[in-house]
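Dear colleague,

Please find the structure below, handed over for your study.

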Amino acid sequence: MPELPEVETVRRGIEPHVVGRTITAVHVHDARLRWPVPPDFAAFALGKRITEVSRRGKYLLLALGTDASGGRIIVHLGMSGRLNVLDDQPPLRKHDHIEIELSGGLRLRYHDPRRFGAVLPWSADAPGHVLLDELGPEPFAPEFNGDYLFQRSRGRRSPLKNFIMDGHIVVGAGNIYAAEALFRAGLRPTRAAGKTTRAEYARLAQTVREVLGDAIQQGGTTLRDFAGAHGEAGYFQQDLYVYGREDQPCRICGSIIKGLRLGNRASCYCPRCQH
DNA sequence: CTGTTAACCTGAGTGC
DNA sequence: TGCACTCAGGTTAACA
């Protein structure tokens with residue numbers, strides 16, 4: 001479900017409600033996630049104050065205590081995760097895994113039917129975290145640019161789409177936004193990463209940033225079940241040019257959008273607009 | 001090292 | 001209704 005824009009939408013949704021509040025109770029109803037919620041998670045979080053809500057790639061980070069002196073909570077939404085801010089206490093639904101009660105009567109509820117997500121403690125003493133240490137740059141960071149992609153791609157034979165979906169190259173572009181960024185750059189997803197030119201990568205770095213930024217402005221893409229921190233849908237699905245549009249006419253040139261599979265993922269491109 | 005595949009899960013949709 | 005099958009926004013472990 002959630003790529004960078006959806007995670008950022010959730011981050012912005014919860015931030016103003018949780019920063020400054022103290023964790024007064026933690027209920028782990030079902031610890032079975034991508035990695036099990038460790039037994040000491042509740043004790044780790046209890047009594048600490050949330051001081052910051054940040055994001056690294058598709059990971060949400062809740063800093064605990066003054067300048068994270070109490071560590072952080074790492075949240076990943078996987079394919080079907082939701083993190084909601086509640087000001088009441090509706091009955092627990094199936095797949096409501098974790099509830100974090102906050103001072104002032106608010107609560108955070110983590111819900112994840114497919115259980116590909118994660119909620120983990122990150123101790124303040126740990127220098128880094130194995131899930132974050134090897135990630136590529138943020139797409140909005142200055143070091144993410146055409147020259148960087150060009151340099152990292154030399155000698156690589158994998159398709160361009162797989163290359164930019166690799167979180168070790170750049171974080172945040174999943175199946176939707178990789179396809180859309182490639183369309184905006186006029187590049188086919190099947191192109192060999194190592195044979196793409198410096199000028200083309202300059203365009204691609206630009207369109208990756210642009211499409212992610214546009215999607216954040218629209219509150220993300222809601223195809224089936226994505227919802228923000230308050231249950232609201234996103235609107236970027238109205239702005240998709242190729243994702244999910246196989247066999248439909250290109251919105252620019254009218255050619256029929258082609259579908260294929262790359263690395264076990266559905267992919268789409270316009271045979272006329274993309275080369 | 002690079003690259004490909006299967007695997008982890010549930011639920012929604014489709015076709016018979 | 002029921003059953004079998006396919007597919008889904010992510011990531012990594014195992015393998016060639």
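**The cavity**

β7 gives three residues, the largest share, to the lining of the largest cavity. This is a predicted model in which local features need pLDDT of at least 70 and side-chain atom pairs count only at pLDDT 80 or more, while totals for chains, interfaces and linings use all residues. Residues are numbered from 1 along each chain as its sequence is written, chains are lettered from A and ligands numbered from 1 in the order in which they are written, and side-chain values use heavy atoms, with hydrogens and water left out.

The structure holds one cavity of 30 Å³ or more. On a 1 Å grid over the protein atoms alone, a cavity is a set of points where a 1.4 Å probe fits but cannot get out, and lining residues have an atom within 4 Å of a point. The volume of the largest cavity is about 60 Å³, a volume being the space filled by probe spheres set on the points, which are joined across faces, edges and corners. Its lining consists of L62, I73, V75, L83, I98, I100, L108, R109, Y110 and V119. Two or more of these residues come from each of β4 (72-76), β6 (96-102) and β7 (107-111); strands (E, at least two residues) and helices (H or I, at least four) are DSSP runs, numbered from the N terminus. The lining has nine nonpolar residues, no polar ones and one charged (Ala, Val, Leu, Ile, Met, Phe, Trp, Tyr, Cys and Pro count as nonpolar, Asp, Glu, Lys and Arg as charged, and the others, Gly among them, as polar).

The largest pocket holds about 1,100 Å³ of space; a pocket is an open set of points with protein on both sides within 12 Å along at least five of seven lines. It is lined by 42 residues, of which P2, K58, G78, M79 and R265 are the closest to its centre. This lining comprises 19 nonpolar, twelve polar and eleven charged residues. Where does the largest pocket lie? Domain 1 (4-122) and domain 2 (146-269) both give residues to its lining, so the pocket lies between them (the domain bounds come from an automatic or database domain assignment).
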